[in-house]
Amino acid sequence: ANVDALFAEWEENLNSNGYPVTQGSDDLLDQWIEFSGPGIANAKIIVAPSTEDGRSVIEFDATLD
């Protein structure tokens, strides 16, 4: 999947479902989305640097209420 398109979709879906995004993929050179909402104190989705074969690793980290 195209990481930029995937992150744009996730950011839109989070915002429209009660999980306001405080830092989005458009704001920085690095790709990450920071958000909170019902049941989640804070969370971050990041793209780790690409590997030599061009693959990206997406990491999720969340602190639940």
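This is a predicted model: local features need pLDDT of at least 70, side-chain atom pairs count only at pLDDT 80 or more; totals for chains, interfaces and linings use all residues.

Student: Which pattern does the protein chain follow along the sequence?

Tutor: Helices (H or I, at least four residues) and strands (E, at least two) are DSSP runs, numbered from the N terminus. Here the pattern reads α-β-β-β-β.

Student: How many aromatic pairs are there in the whole structure?

Tutor: Rings of Phe, Tyr and Trp (its six-membered ring) pair if their centres lie within 6.5 Å; planes under 30 degrees apart count as stacked, over 60 as edge-to-face and the rest as tilted. The search finds 3 pairs. Phe7 and Trp10 have ring centres 5.7 Å apart and planes at 35 degrees, so they are tilted. Both sit in helix H1 (residues 3-16).

Student: Is Phe7 buried or exposed?

Tutor: Buried means under 20% relative accessible area, exposed over 50%, partly exposed in between (1.4 Å probe, protein chains only). Phe7 is buried at 0%. Trp10 is partly exposed at 23%. Ring pairs link Phe7, Trp10 and Phe60 into a cluster.

Student: What lies over the face of Trp32?

Tutor: A charge sits over a ring if NZ of Lys or CZ of Arg is within 6 Å of the ring centre and within 35 degrees of the ring normal. Lys44 does this for Trp32, at 4.0 Å from the ring centre.

Technical notes. Residues are numbered from 1 along each chain as its sequence is written. Side-chain values use heavy atoms; hydrogens and water are left out.
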